[in-house]
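Please open the model in your viewer and keep the selection tool at hand.

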Amino acid sequence: MAIVIAIDGPAAAGKSTIARRLAARLGFIYIDSGAMYRAVALWASREKLDPSDRHHMEQLALAADITLEDDGARVLLNGEDVTDAIRAPEVSRAASLVATIPGVRRALVEKQRAIGSQNNVVMEGRDIGSVVFPNADVKVFLDAKTEERVRRRAAEVNGNREVISQQLHERDERDRSRVEAPLTQQPDALYLDSTGLSIDEVEEAILRLVRARISNGKEYR
Ligand code: CDP
C-alpha cells in the first residue's frame, strides 16, 4: 500500500516548501495539486476562455496533460514547461475560479488519486486530506497568520504588499466558502501554525507524526 502524507492549508502558508523537503527526506514523490488547477487556468487564459465557464473548463481539465517533473520542480502542460507562467497573479486568481467547478475538480482529483495510489507521496493542496485521500496516513493543516502569509508571498514575487494582501484575501475567501471541496481543517489533521516557526521546526513536527503513524520509528531511507 502506498503511503500518503496530505498537507492542506491556505495560500502562502509554506506548504510547498515543507512538502518538497519532506518528500526529499523520505524518498516520496512530491505533488503540488495547486499546480494542476493553475495549469488549467493558464490554458483557459491562453484560449481566451472565461475561467467561470463550467463546460469549457471541465473539457480543458479532462484534456490537459499535466506532468510534474524533476521532483515537482517543473510543471509541464501538454508538453510545454509552464513552471513560471502558472505563478502569475492573474493565473492565481483564475485558478481559484476554475477550482470552484465540480467537473474540473473531478478530473483533477482523478489524476491526483492515480499518482497517489501507485507511489508514496507528499501531496499538498486544499482538499487532499478531506476529498482526495480521506484515508491519508498523515494529515497536516498548515496555517500561518495572515500578515505573515502576505509578507512571505510579497517577498517571493517581489510585489506590492497591499495588492498581494487583497489578492490573498479574495482567494482564501473563495477557497473556504466554495460548495465543492472547500478548504477546511479535518478533525484528524495535525494543526500547525508556522508563523513563529523555522522551516526545520515545521519539518521536525511533521516528521515526528510520520514516524509515530507509519514507520514505527524507522526512517524511510
Ligand atoms: O501556492 P498557493 O498556496 O498560493 O496556491 P496553490 O496551492 O498553487 O493553489 C492555487 C489555487 O488552486 C487555490 O487558490 C485553490 O483555489 C486551488 N486549489 C484547490 O482548489 N484545491 C487544491 N487541492 C489545490 C489548489
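**The enclosed space**

Sorted by class, the residues that line the largest cavity are 3 nonpolar, 5 polar and 2 charged, where Ala, Val, Leu, Ile, Met, Phe, Trp, Tyr, Cys and Pro count as nonpolar, Asp, Glu, Lys and Arg as charged, and the others, Gly among them, as polar. This is a predicted model, in which local features need pLDDT of at least 70 and side-chain atom pairs count only at pLDDT 80 or more, while totals for chains, interfaces and linings use all residues. Residues are numbered from 1 along each chain as its sequence is written, and side-chain values use heavy atoms, with hydrogens and water left out.

To see this lining, select Asp 8, Gly 129, Ser 130, Lys 139, Val 140, Phe 141, Thr 184, Gln 185, Gln 186 and Ala 189. Helix H6 (128-132) and strand E7 (138-143) are the elements that give two or more residues to it, and E7 supplies the largest share, 3 residues. The volume of the largest cavity is about 50 Å³; a cavity is a set of points on a 1 Å grid over the protein atoms alone where a 1.4 Å probe fits but cannot get out, and lining residues have an atom within 4 Å of a point.

**The open space**

Next, select Met 1, Ala 2, Val 4, Gly 116, Ser 117, Phe 133, Asn 135, Ala 136 and Asp 137, which line the second largest pocket, a pocket being an open set with protein on both sides within 12 Å along at least five of seven lines. About 160 Å³ of space lies there, and the lining comprises 5 nonpolar, 3 polar and 1 charged residues.

**A single residue**

Now move to helix H8 (residues 161-177) and pick out Asp 172. Is Asp 172 buried or exposed? Asp 172 counts as buried because its relative accessibility is 7%, and buried means under 20% relative accessible area with a 1.4 Å probe, protein chains only. Show also Pro 10, Ala 11 and Arg 149, with which Asp 172 is in contact once its neighbours within four places in sequence are left aside; contact means heavy atoms within 4.5 Å.

**The whole chain**

Finally, zoom out to the protein, whose secondary structure comes to 9 helices and 8 strands, taken as DSSP runs (helices H or I, at least four residues; strands E, at least two). Its C-alpha trace spans about 50 × 40 × 30 Å along the principal axes, and of its 221 residues 49% count as buried.

How values were computed:
Buried < 20%, exposed > 50% of the residue type's maximum accessible area, 1.4 Å probe, protein only. Points joined across faces, edges and corners; volume = space filled by probe spheres on them.
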